[in-house]
Amino acid sequence: MTSIAQSGISIDLVPGWEARFQRSGASPDAVSAQSLEVGDQYSVVHLSNFSLPPDSGDYGSGAVEIMRTPDVLVVLTEFGPASVGTPMFASQGLPRIAPADFDPNRLQRVLAGQAGAQKFFTVSGRAFGIYVVLGSYNRRFRTTAMINELIRGIVIN
Amino acid sequence: MVAVVVALVFIVGILALLVAGLLRSHAEILRALHDLGINLDSSDLTSGTQSQSVSQPRLRPGIPSPRVGEVEPTDIIGVDLSNEALSVAIVGTGRLTLLAFLSSSCLTCRGFWKDLDNDFVAIPGGARPVIVAKGFEAESESALRDLAPRNVTTIMSSAGWSDYEVPVAPYFVLVDGGTDTIIGEGAAATWAQLENLMSQSMADLGLAFDREKQSSSKRTFGRGGADRAARVDQELRAAGLKPGDDRLYQVDQSSGELDQ
């Protein structure tokens with residue numbers, strides 16, 4: 001199993017998945033992300049079962065446009081200490097994703113056929129958001145198990 | 001009596017010439033074997049070095065030694081040009097990946113850095129190209145930033161070089177992520193040589209046509225009109241259609257429309 005770690009985040013990758021760490025704010029869609037105004041961002045991790053382009057934005061711009069039906073993109077975004085303890089991040093521990101969490105309108109950029117889900121949580125005193133994009137809304141029941149297997153491999157210290 | 005003596009002298013002379021010729025031929029064979037790294041010297045025979053030298057022929061400088069055993073493909077873990085952790089999936093992907101092991105300092109690599117920055121270059125089999133450079137401990141960060149193509153994933157991973165037992169730069173490995181096997185590898189000096197090398201490997205396995213049809217090139221030629229044009233060109237080339245091909249302009253007589 002392939003493992004990757006940085007900034008206190010370690011991930012055991014599901015076969016066929018790849019990961020890219022980057023600092024928030026260094027990408028074209030960083031402005032949108034920061035408009036949440038809940039604190040500064042820190043680590044951003046992109047996880048995908050397709051080839052991640054070299055210059056994808058914090059929330060997947062540049063990657064979502066080339067997604068095909070079976071493709072999945074998971075974005076783990078850390079928010080600043082100011083976010084810890086706020087109602088938005090009240091949920092403790094890494095979340096599970098359910099098929100009902102996905103909605104074609106829950107996307108940073110709405111693309112035909114795709115669907116998104118987003119959850120916020122706190123782990124080890126650090127505030128995170130997880131944003132999942134499906135290449136096909138119709139495949140959400142099939143892909144959810146794979147996404148949760150991937151999330152189970154994430155450890156945050 | 002004199003005639004017999006003359007005849008014997010003549011025969012001995014002929015035999016002496018034959019022996020001299022044989023000795024010379026033997027010496028030339030020994031010299032040729034020695035040049036190939038095979039030493040048949042009797043003093044070495046007793047020490048057992050003959051078998052070693054026969055199994056490991058000496059190679060000219062710069063030519064990588066044959067690999068012992070097979071390399072098992074693995075994902076590549078390293079960092080990107082911003083020194084951020086990056087893992088590139090190679091196995092279990094269901095697609096072809098062309099790993100280009102390049103260095104910023106090798107002169108032969110310069111052409112490949114440029115070729116991979118060209119959106120119109122045809123990637124063998126429509127594979128996803130991934131450039132693997134050694135880690136920053138062995139590479140120049142600024143040189144890599146200047147050389148790295150915009151649209152091709154570049155990863156710094158000394159472990160990747162070690163995992164794939166890369167003997168020399170530039171070196172290329174074509175991995176089939178459907179069967180998790182290496183289907184072609186080798187060194188090349190030009191892109192044309194690389195295409196030929198990999199095309200032969202794929203043809204040997206009957207992969208070329210099928211894989212081109214399933215091209216993952218849209219990943220690499222991601223966005224924009226030029227990228228789309230490059231993808232279309234690549235798909236047409238895969239179908240055997242070159243620029244100016246008459247079949248592109250054939251008109252269906254019944255409908256008056258271009259043939260599909």
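This briefing describes the two chains shown above, their contact with one another, and some local features of each.

The structure is a predicted model, in which local features need a pLDDT of at least 70, side-chain atom pairs count only at pLDDT 80 or more, and totals for chains, interfaces and linings use all residues. Residues are numbered from 1 along each chain as its sequence is written, while chains are lettered from A and ligands numbered from 1 in the order in which they are written. The model scores ipTM 0.87 and pTM 0.71.

**Chain A as a whole**

- Chain A has 2 helices and 8 strands, where helices (H or I, at least four residues) and strands (E, at least two) are DSSP runs numbered from the N terminus.
- Along the sequence, these elements of chain A follow the pattern β-β-β-α-β-β-β-β-α-β.
- Of the 157 residues in chain A, 47% are buried; a residue is buried if 20 or more other C-beta atoms lie within 10 Å of its own, exposed if 12 or fewer, and partly exposed in between, with C-beta atoms placed from the backbone.
- Among the contacts in chain A with a separation of 6 or more, 65% are between residues 24 or more positions apart, and two residues are in contact if their C-beta atoms, placed from the backbone, lie within 7 Å.

**Where the chains meet**

- Contacts between the chains involve 19 residues of chain A and 21 residues of chain B.
- On the side of chain A that touches chain B, the elements that give two or more residues are strand S1 (3–6) and strand S3 (18–23) of chain A, and S3(A) gives the most, with 5 residues.
- By class, that side of chain A has 11 nonpolar, 5 polar and 3 charged residues, where Ala, Val, Leu, Ile, Met, Phe, Trp, Tyr, Cys and Pro count as nonpolar, Asp, Glu, Lys and Arg as charged, and the others, Gly among them, as polar.
- S3(A) is joined by 2 bridges to strand S2 (residues 85–88) of chain B, and the two run antiparallel; two strands pair if DSSP finds at least two bridges between them.
- In this pairing, A:Arg20 stands opposite B:Leu86 in S2(B).

- Strand S6 (residues 115–123) of chain A is largely enclosed by the rest of the structure, because 7 of its 9 residues are buried.
- S6(A) is joined to S7(A) by 9 bridges, and these strands run antiparallel, with A:Ala117 opposite A:Val132 in S7(A).
- The hairpin of S6(A) and S7(A) has 2 residues between the strands, and in it A:Ser124 takes a positive phi near 50°.
- The largest nonpolar core has 85 residues, of which A:Val74, A:Val132, B:Leu99, B:Ala100 and B:Val132 touch the most other members; a nonpolar core is a set of buried Ala, Val, Leu, Ile, Met, Phe, Trp, Tyr and Cys residues joined through C-beta atoms within 7 Å.
- Strand S7 (residues 126–134) of chain A gives the largest share of this core, 7 residues.
- Apart from its neighbours within four places in sequence, A:Val132 is in contact with A:Val72, A:Val74, A:Ile97, A:Gly116, A:Ala117 and A:Ile147.

**Helix H4 of chain B**

- In helix H4 (residues 107–116) of chain B, the buried residues are B:Cys109, B:Phe112, B:Trp113 and B:Leu116.
- These residues cover an arc of only 105° around the axis, which puts them on the same side of H4(B); the arc is that of the directions from the helix axis to the C-beta atoms.
- The cover over the buried residues of H4(B) includes strand S3 (96–101), strand S4 (128–133), helix H5 (141–147) and helix H7 (191–204) of chain B.

**Backbone details**

- Most residues other than glycine have a negative phi, and most peptide bonds are trans.
- A:Ser7, in the loop between S1 and strand S2 (9–12) of chain A, has a positive phi of about 55° although it is not a glycine.
- A cis peptide bond, with omega about 0°, joins B:Ala169 and B:Pro170, and B:Pro170 is in the loop between helix H6 (158–163) and strand S6 (171–176) of chain B.

**Confidence**

- Chain A has a mean pLDDT of 89, with 89% of its residues at 70 or more; pLDDT is the predictor's confidence in each residue, from 0 to 100.
- Chain B averages a pLDDT of 78, and 66% of the residues score at least 70.
- Over residues 27–39 of chain A pLDDT stays under 50, as it does over residues 45–54 of chain B.
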